[in-house]
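Hi,

Here's the structure I promised to pass on. Have a look at it first, and then read my notes below.

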Amino acid sequence: MFKKILIANRGEIAVRVIRACREMGIKTVAVYSEIDRGALHVRLADEACLLGPPPSNESYLSGEKIIDVAKKRGAEAIHPGYGFLSENPKFAKDVANAGLTFIGPPGEVIELLGDKMAARKTMINSGVPVVPGSEGGIENQTQAMKYIGEIGLPVLIKAAAGGGGKGMRIVNSEDEVASAVRGASSEAQSAFGDGRIYIEKYLAKPRHIEIQILCDTHGNYYYFPERECSIQRRHQKVIEESPSPIVDETMRKKMGEAAVAAAKASGYVNAGTVEFLVDKDKNFYFLEVNTRLQVEHPITEMVTGLDLVKKQLIVASGGKLDLVQEEIKPRGSSIECRIYAEDPKSNFMPSVGKLELYREPGGPGVRVDSGVYEGFSIPIYYDPLISKLITWAEDRTSAIDRMLRALNEYRIVGCESTISFHKMVLKEEHFRKGDISTHYIQDVLGGATYEESSSPEDDFAAAVALTVNRMEEDGKVRAQAVAGKQKVNKWKMAFPPGMNRL
Ligand code: MV4
């Protein structure tokens, strides 16, 4: 196993990786930008190195600087987390060429799967079900019309270099074909420097269901219980859950085996995720492979009891995965809410600031993966994720109820957050029945994104909490408590100064 690794990331995912390393006795090197000097990942790592100014290009995206730091500090491997350099094939290759280990798949595999057209072709050739459409690319309107004749309208034109919803065009009628082909291609050319496009049948209101895979260098391939990620807003996942309310054991096995076939076809190593679209008749179709540890990996950990980051480290150091496929089954139900520093009342505009007061929920079945602490200022330069709130319970309804309880416990003063949005979804009847699709927010909520404040008491409690917090800093609370002047309210009850331990 590695003695020391570098974590090429920030925020909650850097913290997540540091925690796994700490438990395994691996030393950690954090990297940070000037604005992240006081960040949680810097505080928790064994060592930390400044990369440069706040903009990502000069810090967390500077592969050269990061490799340099790893060599100087004697780190043997680099964990890229998600985002930033995690799916950059050149970085993965540069790391390997520097004599270090990239904790992820080989650069060549990232490259193959990053080309959505090549990935699709690979899956067709190995019998993984794909959405009906072109086998390779399309060059013009004539070719597009040929496929439309076979699969019918509507169709979706996608960019080979796309993914995550970038560079897509829906075509509903024949007279839109020419402009969609030209538009998609030129958009892809300017966005990715690669104008190649392909065509697929457009599935109406599909579900997004994905399968975690894990592969070692000894030919062992495993699939994990599915994650249902249909609740999305503008291609950004908002709530994820495992297992999916519509997947039974038979379908789970079929999707899992398709995901393993996809892994084998691409020479996959380490952790990855195979995304599928699922139609109303529960047919599933390969969409793309994400060649990284994903944001929502904790829900898989909660239902399987396995630590995916530790497994990544075992695989990357050449170890064997000693898992038994038949034993990897979901137990209970887990949900994740992504808590963002965004304002649901202002179209989810980032709402960053200093966390004047910050109290995370806890108790049974609650996990909070966060990269912040009270007093920390969320920078404007990066993804404004505050934390991931994850609950586990014996069944889906209990996991939802537990999530509502945890969301109600959360106290954040200093920025807006998406907590109110989550509460609204979790109480909504279609969601509670599991009747969801990638169009849920638009179709069911009608684009509504927030609910009026839960109760005046909550607002009052938050305001009092902030005051108490400031008083704590001033050392006044204890004095007041001793003098018996404190008014009883739920905030002071939650953090009673000088309470006797039982
Ligand atoms: C589709 C689709 C319907 N039919 N492909 C969006 C992100 C990109 N990775 C693929 N996406 C989609 N591809 C076909 N043939 C609908 C979507 C889609 C979607 C997919 C997953 C999660 C959310 C989505 C939201 C809108 C559209």
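Let's start with the ligand. Sorted by class, the shell around it has seven nonpolar, six polar and four charged residues. Keep in mind that this is a predicted model. In total 17 residues surround the ligand, and the closest are Lys 158, Glu 200, Lys 201, Leu 203 and Glu 288.

- Lys 158: an N or O atom in its side chain sits 2.9 Å from a nitrogen atom of the ligand.
- Glu 288: an N or O atom in its side chain is 3.0 Å from a ligand nitrogen.

How much of the ligand's accessible area does the protein cover? On its own the ligand has 520 Å², and the protein covers 92% of that. Strands β6 (155-159), β8 (197-201) and β14 (284-290) are the elements that give two or more residues each to the shell. As for domains, domain 2 (105-131 + 204-331) and domain 3 (132-201) each supply at least three shell residues.

Now for some spots elsewhere in the chain. Arg 10 is in the loop between β1 (4-7) and α1 (11-24). Buried or exposed? Arg 10 is buried, because its relative accessible area is 11% and the cut-off for buried is under 20%. Its side chain makes a polar contact of 2.6 Å with the side chain of Asp 36. Leaving out residues up to four places away in sequence, Arg 10 also touches His 41, Tyr 60, Phe 84, Phe 376, Pro 379 and Tyr 382.

Another charged residue to look at is Glu 301, which you'll find in helix α10 (residues 297-304). Glu 301 has 6% relative accessibility, so it counts as buried too. Ser 334 is 33 residues away from Glu 301 along the chain, and their C-alpha atoms are 9.1 Å apart.

Last, helix α13 (residues 419-427). Seven of its nine residues are buried, so the helix is largely enclosed by the rest of the structure. The buried ones are Ile 419, Phe 421, His 422, Lys 423, Met 424, Val 425 and Leu 426. They pack against several elements, including β12 (236-242), β15 (333-340) and α12 (396-409). Further partners are β21 (411-413), α14 (429-433) and α15 (440-443).

Cheers

Notes
Residues are numbered from 1 along each chain as its sequence is written. This is a predicted model: local features need pLDDT of at least 70, side-chain atom pairs count only at pLDDT 80 or more; totals for chains, interfaces and linings use all residues. Side-chain values use heavy atoms; hydrogens and water are left out. A residue is near a molecule or strand if one of its heavy atoms lies within 4 Å of it. A polar contact is a pair of N or O atoms within 3.5 Å; within protein, one must be able to donate a hydrogen and the other to accept it, and residues adjacent in sequence count only if both atoms are side-chain atoms. Accessible areas come from the Shrake-Rupley method with a 1.4 Å probe; for residues, only the protein chains shown count as cover. Helices (H or I, at least four residues) and strands (E, at least two) are DSSP runs, numbered from the N terminus. Domain bounds come from an automatic or database domain assignment. Buried means under 20% relative accessible area, exposed over 50%, partly exposed in between (1.4 Å probe, protein chains only). Contact means heavy atoms within 4.5 Å.
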